[in-house]
Amino acid sequence: MWRSRPQAARPPLVVSHRENNTQRIAALDEQAEKLRLKPGMGLADARAMHPGIEVVEADPAADRRLLGSLADWCDRYTPLVALDGAEGLFLDITGCAHLFGGEKALLDDLLARFFHQGFDVRAGLASTPGAAWAAARYRSSAIIEAGNEERMLGPLPLAALRLEPKTVAGLESVGLRTADAILRSSRAPLARRFGATLLARIDQALGRIEEAISPRLPVATLSVERHLAEPVVLMEDIERLVRLLATSLKADLERRGEGARSLQLLLFRVDGMVSRIGVGTSRPLRAAEQVARLFHERLTALDGALEAGYGFDLLRLSVLATAPFDMAQADLAGDVAQGEEDLALFVDRISARLGAQTVHRPAIVESHVPERTVARQSFAMTVGATALRALPAEALERPIRLLAHPEQIEVMAAEIPEGPPARFRWRRVFHDVARAEGPERIAPEWWHENADTPTRDYFRIEDHDGRRYWLFREGFYAEGKPHPRWFMQGLFA
C-alpha cells in the first residue's frame with residue numbers, strides 16, 4: 001500500500017478495477033480511508049457517497065514491476081527473496097540477521113527505509129513462512145519466537161492460515177471462525193470434509209512440515225559487498241570499490257580452486273533503485289585487476305545510462321557461474337605462455353563494452369554438407385572446444401572461400417549428362433570451362449531428422465581466364481523427372 005504525502009489540495013485517491021463486470025475499489029489512500037471507504041466497495045456507491053474522490057484505473061503490470069523493484073532492493077538483506085502473490089515478499093534471512101545487529105535491528109532498518117521511500121509496509125518475522133505471513137498481515141512488525149507460532153495464530157481469523165475463500169466460508173458455516181478453533185479440532189473430520197490442504201497449511205504454519213520458498217533469482221555462488229557510510233556518485237569511486245571487492249573475491253575463488261565465468265555487480269541506490277551490471281568471461285578468471293578492467297569497459301559502455309541519483313550506499317559483487325581454474329605450466333625460464341589468455345581477455349573486454357555477440361570464431365560442426373561444417377559461435381562458447389586445424393596433405397582440395405548459401409547457376413551445355421558443364425552463367429556472367437575435375441559425391445546425413453538435402457556431385461572447375469570454382473549438381477538425371485539443378489558452392493584462390 002502506498003502511503004500518500006499529506007497534501008491539503010489533493011482529493012482522496014481511489015484505485016479501481018473491474019470485478020464481475022463491476023468497477024470496485026482495489027486500493028485507496030489515507031484520506032479515502034478516513035471517509036470510511038473500503039477495498040471491494042462498488043465504485044458507483046463510493047462516488048455517490050463522496051463525489052469529490054479521484055479515481056484511477058489499476059495497472060497490474062505496473063504493480064508487478066514495482067513489486068519486482070522492491071524485491072531487487074530487498075537483496076540488500078538476503079539473496080533469498082521470493083514473490084508472494086501480487087502484494088507481498090518472502091525474505092529468508094537465515095544466517096543474515098547478525099550482519100545487521102540481530103533480527104529486530106534488521107526488521108527496524110527495513111521498515112524505516114521503506115517508510116522514507118514513501119511506502120506503508122507491514123512485516124512479520126517468524127521461523128516458518130506461514131507464521132511470518134500471518135504476523136505481517138494481522139500482527140504488524142511482530143517477531144514470533146520459535147515455538148510460539150500456535151499461540152500467535154490462535155486468536156487470528158481463518159484467513160491467517162492462507163486458506164482459499166471457499167474453504168474459509170465452509171469452516172465458518174459450521175461455527176469454526178478462528179485459527180484456534182481449527183487447531184483444537186480433530187484432524188480426521190477436517191480432512192474428510194475440507195481436504196488435506198487445510199491440514200497442510202496448519203502444519204506449514206506450525207513448522208511440522210517444511211515449506212519451500214523459491215527465490216525469484218538464482219543465488220550467487222559467491223558474493224562480497226561493501227556498505228558505505230557516505231553514498232558514492234562518481235564512476236571512479238565505483239570502479240575503485242569494484243577492484244577492492246574483486247580482491248576479496250579472489251581469495252574465496254582460490255580456496256575453491258575455481259575461477260569466475262560470470263560476474264554481476266549490484267549497485268543499491270539510497271532511494272531504493274537497484275542496478276545490475278553483468279559481465280562474462282571466456283576463461284575462468286580470478287585476478288582482481290582483470291575483473292576491474294571488464295567492469296570498467298561495461299560501465300564505460302553505459303555512457304550516462306547509469307543514474308546515480310543521490311548515490312549508492314551498498315555495492316555487491318557476485319559470482320554467478322564458476323569453472324575449475326587450471327594453473328598454467330611455466331617453462332624453465334619461469335615464463336608462462338599467455339597468448340591465448342591475452343586474446344581471451346581482449347575479447348572479454350570488447351564483449352563487455354559492445355555485447356556478448358560482438359566477437360565470433362569459427363567452430364567445427366559434424367556434417368557432410370559443406371555449408372554446415374563450420375558455424376560462427378560466440379568466442380566464449382568455443383573456448384576449450386575442438387579448434388579448427390589444417391587438413392592433411394592427402395585430404396581433398398577445398399576452396400578457400402565458401403559461400404554462405406549455395407547460389408544457383410545456369411548450365412548451358414555438358415559434354416555428357418553425368419559430367420561437368422561446358423559452359424555456365426553465374427551472377428549474369430558467362431564462363432567457358434577450360435578444365436574440370438570430378439565428380440566427388442557427397443550425400444547428406446541420413447540419420448538426421450532434417451536430412452532433406454539431395455545427393456550432390458561436386459566438380460572443380462577452371463574457366464579460360466584461370467578462375468577456379470567449386471560447383472555441384474543436385475540430384476540425378478532420370479527419365480520422367482526434372483533435370484538436376486546446378487549450384488555455385490565456393491571459389492578457389
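Predicted model: local features only at pLDDT ≥ 70, side-chain atom pairs only at ≥ 80, totals over all residues.
Contact here means heavy atoms within 4.5 Å. Leaving aside residues up to four places away in sequence, Phe295 touches Val242, Leu263, Gln264, Leu265, Ile277, Val279 and Leu317.

Phe295 also belongs to the largest nonpolar core, which has 31 residues. Together with Ile238, Leu263, Leu315 and Leu317, Phe295 is among the members that touch the most other members of this core. Several elements give two or more residues to the core: the helices α11 (235-256), α12 (288-302) and α13 (339-354), along with the strands β8 (222-232), β9 (258-269), β10 (274-285) and β11 (312-324). Helix α11 supplies the largest share, namely seven residues.

Three strands form an open sheet in the order β2-β1-β3, and their pairing is mixed. Strands β2 (22-28) and β3 (54-57) lie at the edges, each pairing on one side only. On average, neighbouring strands in this sheet are turned by 40° against each other, with direction ignored.

Within the sheet, β1 (residues 13-19) runs antiparallel to β2, and the two are paired over six bridges. For a handy landmark when viewing this pair, Ser16 can be located first: its bridge partner in β2 is Ile25.

Methods:
Residues numbered from 1 in each chain as written. Heavy atoms only, no water. Core = buried A, V, L, I, M, F, W, Y, C linked by side-chain atoms within 4.5 Å. Buried < 20%, exposed > 50% of the residue type's maximum accessible area, 1.4 Å probe, protein only. Helix = DSSP H or I, 4+ residues; strand = E, 2+ residues; numbered from the N terminus. Pairing = 2+ DSSP bridges. Axes fitted to C-alpha atoms, helices over the stretch in contact; angles between N-to-C directions.
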